[in-house]
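Here is a guided walk through one protein chain. Keep the viewer open and follow along.

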Amino acid sequence: MNGVAMENSDGDKTPPPTNRGESDTPMNDDDVSPPEAKIAKTEEPGSWQPKMPFIATPIYELRQIGDVKFGPGARSALLGILGGALPRLSSEQLETVTRAKKYAMEQSIKMVLMKQTLAHQQQQLASQRTQVQRQQALALMCRVYVGSISFELKEDTIRASFLPFGPIKSINMSWDPVTQKHKGFAFVEYEIPEGAQLALEQMNGAMLGGRNIKVGRPSNMPQAQQVIDEIQEEAKSYNRIYIASIHPDLSEEDLKSVFEAFGPIIYCRISQGSSLHSHKGYGFIEYANKVAADEAIASMNLFDLGGQLLRVGPAAPSLGLSTLPTITAPTCIPSVMGHTANSAVSVSAAAAAAAAAAAAAAAAAQQHPAAVTSVTAGLQVPGVVALSPVSSWQPKMPFIATPIYELRQIGDVKFGPGARSALLGILGGALPRLSSEQLETVTRAKKYAMEQSIKMVLMKQTLAHQQQQLASQRTQVQRQQALALMCRVYVGSISFELKEDTIRASFLPFGPIKSINMSWDPVTQKHKGFAFVEYEIPEGAQLALEQMNGAMLGGRNIKVGRPSNMPQAQQVIDEIQEEAKSYNRIYIASIHP
């Protein structure tokens, strides 16, 4: 029986036979375990102790004192600890990291282009704002206030007194609706600021109708005083003079021959009139030096030339006012992948954006040429040469153009010391884990891509908000311009015997009149048979248009209509009139005091 000793004839005890073979086969000395080993094997499972203690603290440095050999059972993670090379990433992992880096690079380039576009739009907006402020200041500089006017004086006398300084656009006299007389002051608006400046300098304190009139700037001038000071300071850098009250028979050559006595003249221009051989009675001369300009102003002011006293003074930087600039909407953001930049962006700004994008991509060009080349190849900017690939590196083996979906094993797979961990993933083995450094690189790339994506969204929202604000401002400016045009009516076929007082009395019942501008002939000192009546509100102009067209005035049937420059804002005017139909609102004028 197994496990029981048997006694032989000599009295010796023989150990029982084993199951490994014949019962009479002797056992080796090694097969007999000592009692201590048997006891160790029968201990409880939870009390096992390692032969070597664990390393509780990280190892930062290991010195190799012998050859390192990697057998089939060596783990790839152990190679990095023992000083070997880090495991190579599989094709799938390499593709993931490459995509993350490429996406981060694309987002970075998009951000650069977005910032360049936004900066260009802000610069355009600031330039437009400055231009609008400058034109508003020039418009204010065209107006002068005239006070202490005798109540016996009419508008014709005011016009005749202030006309020698330049072409008058309108004269606005404040009238009392009860007494039908003016209140002793008026606002004279010239077509150019030089005329207003000359009138301010030479008419302040002048005797008119038995009174010393007061001429000054309007009270609303301080709101634009800073811009006005800049314009006047800029005018000092030009050697340009302004000449008014030029005789109708004088030409540019006549004027130049007289004024060139003070110094060499760069150019001489007289503002042309409505007909071919007529002018408006004023002009500009620019000298080669400032001394000549100052001497011409001092010597030729109030000089009798052809029977008229010349009025000479310094000229402003602008030779007259232009219309309000059209505010354009911001340009679209240029796309990075395969689209050209918007044509509204200037070539210089687009070139700067492309250069900045190239600078942002140059840092990673050496390490990731494929990502940089794929992004920069889509940048097509007018006037900028396409970027060539940064590196001409070629692989030693051709890439596999199509993905591998299935591999069949036809033999035993053996992993020797030279087996690469990337092969494990291809042949169905477990993919190697990334090292802490590789994981940190991938995490940083994903985090950077996410930050760039969030910045892109915020940038687009800011840009959309600015576009909306700009469109709202443009609509508001167009609406105000249209309302200003709707306040004006044209009055034609006026008898030459009628004065402005009669025109005012006839059109006043329809609403408060802001100004009446009658075109005057500087030779005959009579009006040309037509005028422009400007009301304070558009409803007054509309009523006058409907009820005064064809009315009998001074023995003639006058014609009342819209000014000829109305079609430029006709679309906005139609929208305002269409909007008015939705309100149940009426306008009442000529109400008894």
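A cavity is defined on a 1 Å grid over the protein atoms alone: it is a set of points where a 1.4 Å probe fits but cannot get out. Its lining residues have an atom within 4 Å of a point. Grid points are joined across faces, edges and corners, and a volume is the space filled by probe spheres set on the points.

Two notes on the source come next. This is a predicted model, in which local features need pLDDT of at least 70 and side-chain atom pairs count only at pLDDT 80 or more, while totals for chains, interfaces and linings use all residues. Residues are numbered from 1 along each chain as its sequence is written, and side-chain values use heavy atoms, with hydrogens and water left out.

Now the cavity itself. The count comes to one cavity of 30 Å³ or more. The largest cavity has a volume of about 30 Å³. Phe151, Leu153, Lys154, Trp175, Gln180, Lys181 and His182 line the largest cavity. By class, that lining has three nonpolar, two polar and two charged residues. Here Ala, Val, Leu, Ile, Met, Phe, Trp, Tyr, Cys and Pro count as nonpolar, Asp, Glu, Lys and Arg as charged, and the others, Gly among them, as polar.

Step back to the whole chain. Its secondary structure comes to 15 helices and 22 strands. These are DSSP runs, numbered from the N terminus: helices are H or I with at least four residues, strands are E with at least two. The chain has 593 residues, and 33% of them count as buried. Buried means under 20% relative accessible area, exposed over 50%, and partly exposed in between, with a 1.4 Å probe and protein chains only. Take the contacts in the chain with a separation of 6 or more: residues 24 or more positions apart account for 71% of them. Contact means heavy atoms within 4.5 Å.

Helix α12 is the next stop. The helix covers residues 436–486, 51 residues in all. What span should α12 have at 1.5 Å a residue? The expected span is 1.5 Å times one less than the number of residues. For α12 that gives 75 Å, and the end C-alpha atoms are 75 Å apart, which agrees.

Which residues of α12 are buried? They are Gln438, Val442, Ala445, Ala449, Gln452, Met456, Met459, Leu463, Leu470, Ala482, Leu485 and Met486. Their cover includes α3 (91–141), β17 (488–492), α14 (538–548) and α15 (570–580).

Look at some single residues there. Gln452 lies in α12. At 5% relative accessibility, Gln452 counts as buried. Leaving out residues up to four places away in sequence, Gln452 touches Gln107, Ser108 and Met111. Val442 is also found in α12. Val442 has a relative accessible area of 16%, so it is buried. Val442 and Val97 are 345 residues apart in sequence, yet 6.3 Å apart in space, C-alpha to C-alpha.

From the α15 side, pick Ile573, which lies in that helix. Its relative accessible area is 2%, so Ile573 is buried. Ile573 and Leu485 are 88 residues apart in sequence and 8.9 Å apart in space, C-alpha to C-alpha.

Is Met207 buried or exposed? At 54% relative accessibility, Met207 counts as exposed. Met207 and Ile149 are 58 residues apart in sequence and 9.9 Å apart in space, C-alpha to C-alpha.

Turn to the backbone. Most residues other than glycine have a negative phi. Leu302 has a positive phi, near 65°. Leu302 lies in the loop between α8 (290–300) and β12 (304–305). At 45% relative accessibility, Leu302 counts as partly exposed. Ser493 also has a positive phi, about 60°, although it is not a glycine. Ser493 is found in the loop between β17 and α13 (500–507). With a relative accessible area of 28%, Ser493 is partly exposed.

How many disulfides does a search of the whole structure find? The search finds zero. A disulfide is a pair of cysteine sulfur atoms within 2.5 Å. Cys142 has 1% relative accessibility, so it counts as buried. Cys268 is buried, with a relative accessible area of 6%.

Note on methods. 1 Å grid on protein atoms, 1.4 Å probe; cavity = no way out; pocket = protein on both sides within 12 Å on 5 of 7 lines; lining within 4 Å.
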